[in-house]
Every structure is written in structure tokens, then in C-alpha cells.
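Me: I am new to this structure and would like a close look at a single part of it. Please go through that part and then its surroundings.

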Amino acid sequence: MAMSHWLLKPCRMPQAANTQPICGTLTMKPPMPRNAVRGDVRKQNLCLACHTPKYFYIDEQRTCIQCGKDFVFGAAEQKFWYEALGFYGTSVAIRCVTCRRKKRDQSSLNQQIALAKTGLKKSPRDPSLLLELAEAIILYRMATGHGNLEEAISAARLARQIDVHVIRGIFWEGCAHMVAGRAEKAKKLLNEYLSSSANSTQQPALKTKASQYLKQLQSSV
Ligand SMILES: [Zn+2]
């Protein structure tokens, strides 16, 4: 018999929901190696004309392209990628979990910067947006070494000029100076932030951070 009936999901063809297998490809259950996780071929996004479906998953040893460390692309994780998230069956993890998280954090900070800037075009004197911009720029700079700290400082200052109650602006301005290597300015502002927020129960995380940064600044001098 011709093999053409095996070509169930040809590449570049939209996969109709009612595409039904006409042979055993999708229901085959070959014997599984030890510690393997059973795959459900029907849930996999894979051209069966070009690739073997994933009847089972086994842990794969890989090397992270970003940090160069070895990591395990686990069987259960693979099943989740290919069957729950719908990733195409030939895509594989190229980064370790830590680097994947870092990349995600960076792209969300980038997005935060872009959103704040878009908002500021409409409302250039919105203190929340100004603070959002300052914070995202500084965190991005801390994570990547890139980002315009002067822009962050101007935004944090303007937020505070518009509304004196925005004491978080002092914190972020202090951080920006710290990241820029201006320790004295940073210490002055972080201390100012801590004394301004002393009577408030808000922003406990920022207060902790401010104290930590001050300790680091003191010990590095
Ligand atoms: Zn890595």
C-alpha cells in the first residue's frame, strides 16, 4: 500500500480541528524506556509527514546558550511545552531556567518602559507614570547594564516636584545615583527616603532595599 496515507498533517497546511487520523500513528504505544513520560501525540503540534511524533519523553541533557551551564530539559517539562503550551515539536529549550527567567524579566521591563513612555505622551505630568518609567529604567540598567539613568533621574524628580507626597521618587533617584557610581549622592537620597518614610507603614519592601543599599554603600567606601 502507498505510504501517502501516513502524511496526515503536511507542513504549511492549516490544521483543521476535524483532521482525523486514518491510521495508527496517533495511537501507537511503543514500549517506554525507564523514567520516560508518556506522550499524547494528538495534542502535539508537529508535522507527522516530516517528524516522528513524541510517543514518550525522556530527560535531555542540554547546554545553556547564555551562561554555558549544563541543564536538564526534563521529560515532564517537555510534555508541558509540546502538549499544554502547544509549542512546535521541534523547538527545544536553549536556555537554563535561570536564564529563561532573566530573559523574561528583561523583556517585561522593556515593555514597562515602553508602556510608561506611551502613557507619558498623553499625560506628561502623571507622577505614577513618571515613577513607573524611572523604576523600569533603573531595574533594566541593573539587569543588563543598559538604560538611560539620567532619564530615570529626571522622571523621578519631576514626579516629586508635581506631588511632594511621592517619596518613592527619592528612593529611585537614590538608586539611579548608586547605579551610576555616585555613592555620596546615593547615600544622601536613600537616607532622605528612609527618614521621609519613617512614619509610614507603606512600601516595606522599598525600605528594606534602601537600608540594604545603604549598608552596601557604606561598606564599599
Ligand atoms: Zn543559563
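Where is the place of Gly147?

Reply: Gly147 sits in the loop between α3 and α4. Residues are numbered from 1 along each chain as its sequence is written. This is a predicted model, in which local features need pLDDT of at least 70 and side-chain atom pairs count only at pLDDT 80 or more, while totals for chains, interfaces and linings use all residues. Here pLDDT is the predictor's confidence in each residue, from 0 to 100. Helices (H or I, at least four residues) and strands (E, at least two) are DSSP runs, numbered from the N terminus.

Gly147 counts as buried because 20 other C-beta atoms lie within 10 Å. A residue is buried at 20 or more other C-beta atoms within 10 Å of its own, exposed at 12 or fewer, and partly exposed in between, with C-beta atoms placed from the backbone. Leaving out residues up to four places away in sequence, Gly147 touches Ile137, Tyr140 and Arg141; a contact is a pair of C-beta atoms, placed from the backbone, within 7 Å. Ile137 is ten residues from Gly147 in sequence, and their C-alpha atoms are 5.8 Å apart.

Ile137 is also among the residues touched by Ala152, along with Ala134, Ile138, Trp172 and Ala176, again not counting residues up to four places away. Ala152, Ala134 and Trp172 are among the residues with the most contacts inside the largest nonpolar core, which has 31 residues. Such a core is a set of buried Ala, Val, Leu, Ile, Met, Phe, Trp, Tyr and Cys residues joined through C-beta atoms within 7 Å. At least two residues of this core come from each of α2 (97–122), α3 (127–144), α4, α5 (168–179) and α6 (183–196). The largest share, ten residues, is supplied by α3. In soluble globular proteins, nonpolar side chains tend to be buried together.

Of its 221 residues, 24% are buried.

The mean pLDDT is 87, and 89% of the residues reach 70 or more. Where pLDDT is low, the predicted coordinates should not be read in detail.

Definitions and conventions:
Two residues are in contact if their C-beta atoms, placed from the backbone, lie within 7 Å.
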